[in-house]
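Please have the sequence and the structure open as you read.

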Amino acid sequence: EDLKLAAARGVREPTEPPHRSWHGAASMVEPGGLPVVVLCGGASTGGNAANNGGLLADLWIFDTQGREWKQQKGGMSGASPLPRAHHTLTPVGDGTTAVLFGGKTPGSSFTNDVFVLDAGRWNWSELKPSAPTLGPGGVAFSGPPATSWHGATAARLPMTMLAASCGESAPSWSSRMAIARR
């Protein structure tokens with residue numbers, strides 16, 4: 001109903017992502033082999049996310065062959081990530097899956113949550129940490145610390161993350177995250 005009212009006032013659906021910074025992006029493959037670029041979250045630079053402290057939770061897909069953007073909304077299933085910036089979105093496996101990790105969420109909270117995006121159904125699923133393992137100094141942990149401003153790569157599994165910072169005045173770290181194939 002709101003779209004009909006907006007259309008009557010001459011307001012159109014956006015045809016490209018709003019301006020942003022500190023977003024996650026990944027080169028992925030849709031079923032059938034269509035290469036796409038996925039853009040996720042970030043911090044608004046145009047005042048379009050006022051209720052989340054300027055943070056976005058949207059998902060945009062760029063069709064590299066048709067050269068056009070589409071916003072993925074409605075029909076998304078699973079637990080969606082909170083709005084965030086300074087996170088990573090890393091393609092894994094054959095490129096039909098990407099892993100979203102960490103970032104800053106509303107209220108300036110660092111997070112270490114992990115979500116998997118499936119390009120076959122365009123849905124999110126949250127991964128929960130496995131049983132704790134021994135980390136540096138013999139301290140038990142069940143995943144990387146809450147962080148933002150980090151990097152991640154998945155040239156092969158398990159995925160490896162490197163951080164320049166993990167919260168304020170915290171030391172740098174590196175961690176391997178085992179992402180199981182489905």
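## Confidence in the model

Please keep in mind that this is a predicted model. Its mean pLDDT is 76, and 63% of the residues reach 70 or more.

## Arg 84, a buried arginine

Arg 84 sits in the loop between S5 and S6. Its relative accessibility is 1%, so Arg 84 counts as buried, the limit being under 20%.

What does the side chain of Arg 84 meet through polar atoms? Another is the side chain of Asp 113, with a polar contact at 2.8 Å. Beyond four places in sequence, the residues that Arg 84 touches include Gly 41, Gly 42, Leu 55, Leu 56, Leu 100 and Phe 115.

## Two positive phi angles

His 86 is found in the loop between S5 and strand S6 (88-92). Though not a glycine, His 86 has a positive phi of about 65 degrees. Is His 86 buried or exposed? With a relative accessible area of 12%, His 86 is buried.

Arg 67 also has a positive phi, near 55 degrees, and is a residue other than glycine. Its place is the loop between strand S4 (55-63) and strand S5 (68-71). Arg 67 is exposed, as its relative accessible area is 61% and the cut-off is over 50%.

Note on methods
Residues numbered from 1 in each chain as written. Predicted model: local features only at pLDDT ≥ 70, side-chain atom pairs only at ≥ 80, totals over all residues. Heavy atoms only, no water. pLDDT = per-residue confidence, 0-100. Helix = DSSP H or I, 4+ residues; strand = E, 2+ residues; numbered from the N terminus. Buried < 20%, exposed > 50% of the residue type's maximum accessible area, 1.4 Å probe, protein only. Polar contact = N/O pair within 3.5 Å; in protein donor to acceptor, adjacent residues only side chain to side chain. Contact = heavy atoms within 4.5 Å.
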